[in-house]
Amino acid sequence: MSISDIGNIIKEVQELLLKNPGIRSDKNIQNILIQINKYRTENDSMKKLINNIPKDKLENFKANYSKNINTILGSLINSYNQFLKEKEGVPSHKPTNPLELHDLTIVSEILKKQGEEIAELKSTLEYAKKERFQIRDIIIAADSKKSELSGMVVEEKKKYFNMALSEHGARELSRNFALEIIENLKKEIENL
């Protein structure tokens, strides 16, 4: 579930409250409102404190913030889904995948570029092996690509960290995304 989906949930709940203030007594709606307030408070605290946190404690601060936000959003989504289940005939917005909370298009572009570079490198090395011609020049050219590929890996790690706000979260996000890619590739291979 993306951040915009969560925004839509909040907007929908606010519209429901305007139409029918009586639903404020529903335990799930109450919890959604509590989570919205917690979210705002957490964000306000982050904005106020982020510039004053010593660098050696910044990663832990961001990790705690990320954990708190994920807990708040998880509770909000669960309450919303429960509310929908109790309200007959409305489809649930239950997230089926933790990746739905993040926009991975930027990382996808980096991974695509990495794949293209590695495929080109593999092709070049296969050509050199087959032809046994200008191998030294080909190896030097391939070696020059090493820093470019390393730079892409570093950039990819930074993107994951910026989304997850912690090293642990970045690793989990990266792992889940890799598993998703593997599943999609398996499906593509099966359809050949």
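Me: Hi! How many helical turns separate lysine 122 and glutamate 126 in helix 4?
Reply: About one, because lysine 122 and glutamate 126 are four residues apart in helix 4. Helices here are DSSP runs of H or I with at least four residues, strands are E runs of at least two, and both are numbered from the N terminus.

Me: What kind of model am I looking at, and how are residues numbered?
Reply: Residues are numbered from 1 along each chain as its sequence is written, and this is a predicted model, where local features need pLDDT of at least 70, side-chain atom pairs count only at pLDDT 80 or more, and totals for chains, interfaces and linings use all residues. Side-chain values use heavy atoms, with hydrogens and water left out.

Me: Ok, what's the mean pLDDT?
Reply: The mean for the protein is 82, and 91% of its residues reach 70 or more. pLDDT is the predictor's confidence in each residue, from 0 to 100. Where pLDDT is low, the predicted coordinates should not be read in detail.

Me: Where is confidence lowest, and where is it highest?
Reply: Confidence is lowest in helix 1 (residues 3-19), with a mean of 82, and highest in helix 2 (residues 27-49), with 89.

Me: How many helices and strands are there?
Reply: There are six helices and zero strands, so the pattern along the sequence reads α-α-α-α-α-α.

Me: Back to lysine 122 and glutamate 126: what do their side chains form?
Reply: A salt bridge, at 2.8 Å from N to O. The term means a side-chain nitrogen of Lys or Arg within 4 Å of a carboxyl oxygen of Asp or Glu. Side chains of opposite charge can pair when their charged atoms come close.

Me: How many salt bridges does the count come to?
Reply: Six.

Me: Which side chain meets that of glutamate 117 in a salt bridge?
Reply: That of lysine 145, at 3.0 Å from N to O. This pair links distant parts of the chain, with lysine 145 in helix 5 and glutamate 117 in helix 4 (residues 105-131), 28 residues apart.

Me: Is glutamate 117 buried or exposed?
Reply: Glutamate 117 is buried, because its relative accessible area is 8%. Buried means under 20% relative accessible area, exposed means over 50%, and partly exposed lies in between (1.4 Å probe, protein chains only).

Me: And what about lysine 145?
Reply: Lysine 145 is partly exposed, with a relative accessible area of 22%.

Me: What does glutamate 120 form with lysine 145?
Reply: A salt bridge, with the closest N and O atoms 3.9 Å apart. Glutamate 120 sits in helix 4 and lysine 145 in helix 5, 25 residues apart, so distant parts of the chain are linked. Lys113, Glu117, Glu120 and Lys145 are linked in a network of salt bridges.

Me: New topic! Which residues form a nonpolar patch on the surface?
Reply: Leu125, Ile135 and Ile139, with about 240 Å² of accessible area together. Patches take residues with over 30% relative accessible area and no salt bridge, joining like charges within 9 Å and nonpolar side chains (Val, Leu, Ile, Met, Phe, Trp, Tyr) within 5 Å. Accessible areas come from the Shrake-Rupley method with a 1.4 Å probe, and for residues only the protein chains shown count as cover.

Me: Where is isoleucine 139 found?
Reply: In helix 5 (residues 135-164). Isoleucine 139 counts as partly exposed because its relative accessibility is 48%.

Me: Last one: what does the C-alpha trace span along its principal axes?
Reply: About 80 × 50 × 20 Å. Of the 192 residues, 26% count as buried.
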